[in-house]
Amino acid sequence: MFWNREIETIERKDLEKLQLARLQKALAAAATTPFYRKVFSDHNVDVSKVTTLEHLQDLPLTTKHDLRLSYPDGMVPISRSDIVRLHASSGTTGKSTVIFYSQRDVDEWADLVARSMVATGTTRDDVFQNMMGYGLFTGGLGLHYGAERLGAMVIPSSTGNSLKQIQLMQDFQTTVIHITPSYSLHLVEVIKENGVNPPDLTVKKAYLGAEPYSEETRDKIEKLWGLEAYNSYGMSEMNGPGVAFECVHKNGMHLWEDFYIIEVINPETGQPLPDGEEGELVLTHINREAMPIIRYRTRDLTRIIPEECSCGRTHRRMERIKGRTDDMLIVGGVNVFPSQIESVLMRIPEVGNNYQIVLEREENLDRMYIRVELYSKMFHGDLNELKRLNQKIGEELRALITINPRIELLEPGSLPPSMGKAKRVIDNRKI
Ligand code: ADP
Ligand code: ZN
């Protein structure tokens, strides 16, 4: 099923032609903004000389720091009266940054989201419950407008208030939900506590995004809820959700290349990497009037899947995000991504739905504590069983990450539940 078959299955050479034309337009617009005028002049960039897509690689990269430098509107080439909306990043790290949209930008974004939803088989007959935050965060309104464009019935329930969420799902026969993976793991437990078997609900599909999560977590969510979960990727700098989305094959996310030019670079050297190699994703937004952003360093680590997808879409796919360059933990000299720890925890059947990684500095040594909630059936009085489990988790983690963490096994509900993006890591070493 396609939303716009022509553009989704466009031949690569036609796609590249379209990309170049849009890139040239975006560069010309960017060059009129105070921020890029200075950057281009400092780097001797003449945008009129960009006549191939490869030329893009000679242009300087844009960082989150640059967005802060240009705050509030140093990257905006259009007049204030043509702007219809702003969003801000959730500020996972540092001060938030602001993104602007014209009416055309908002419309095009809604179209892109509708395209993404259709790629997963959603139709105008679906009931879509949007449990992402509404407001400055793009997750709520982004999917909202796309789902309306598609013609689905939207329930804008936003985050939290789990009992209300359940009631809405039951009363209006929700078929598709949009939710963070961490909140979905919390909510499914609340559903069970209320005497409802989650697979008996009408929910058939979940869009999971806004935070890194492992394939094991997806499997777990699918089983607990009895649904199909699709990975959804985006960030406010590139509009919000709808940048990349899985199709029905659930095997990597199609990056919509008529809106974004994709590069993957070595995060240390900045050198472009070939398809298939893992590195930092760099995106150029080539279809936004109010805020063209050139070669944006997403800080997200992934790789492009070189093979074509059997769905027929010609836009390339990227693999699940492994983590952000800035959330890599260095513990006693060893590099670890929280997602690696998560993948081990989530394939252990006794492990429940929430965990936390705590880092401490004790006697000049880094120490990692992993606080893991178990299912309540594990607490029936057999301490030896818990001891064995503690050992097993420790060994499996050690085998993968070569660190010796201390494991704390907790009853369900011991850790603070997540309603939006989960805070998994507590690093007390810097205090
Ligand atoms: P920030 O978190 O930088 O304040 P956003 O709220 O726009 O800004 O979040 C965007 C970030 O969320 C992405 O750069 C990425 O790190 C993360 N993210 C979004 N979707 C996914 C996903 N499906 N998988 C992994 N990470 C994701
Ligand atoms: Zn596909």
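**Exercise 1. Determine the geometry at the zinc ion (ligand 2) from the angles among its four donor atoms.**

Solution. The angles among the four donor atoms run from 101 to 118°. Four donors count as tetrahedral if all angles lie between 85 and 135 degrees, and the site of the zinc ion (ligand 2) is tetrahedral.

This is a predicted model, in which local features need pLDDT of at least 70 and side-chain atom pairs count only at pLDDT 80 or more, while totals for chains, interfaces and linings use all residues. Residues are numbered from 1 along each chain as its sequence is written, chains are lettered from A and ligands numbered from 1 in the order in which they are written, and side-chain values use heavy atoms, without hydrogens and water.

**Exercise 2. Identify the residues that coordinate the zinc ion (ligand 2), and state how they are spaced in sequence.**

Solution. Donors are N, O and S atoms within 2.8 Å of the metal (3.2 Å for Na, K and Ca); water is not among the atoms, so sites may look incomplete. Cys247 (SG), His254 (NE2), Cys309 (SG) and Cys311 (SG) coordinate the ion at 2.1 to 2.3 Å. Their spacing is C-x6-H-x54-C-x1-C.

**Exercise 3. Decide whether Gly140 is buried or exposed, and list its contacts beyond four places in sequence.**

Solution. Buried means under 20% relative accessible area, exposed over 50%, partly exposed in between (1.4 Å probe, protein chains only). Gly140 counts as buried because its relative accessibility is 0%. With neighbours within four places set aside, Gly140 is in contact (heavy atoms within 4.5 Å) with Asn130, Met132, Gly133 and Tyr134. From Gly140 to His178, 38 residues away in sequence, the C-alpha distance is 8.7 Å.

Methods:
Tetrahedral: all angles 85-135°; square planar, octahedral: opposite > 155°, others 65-115°.
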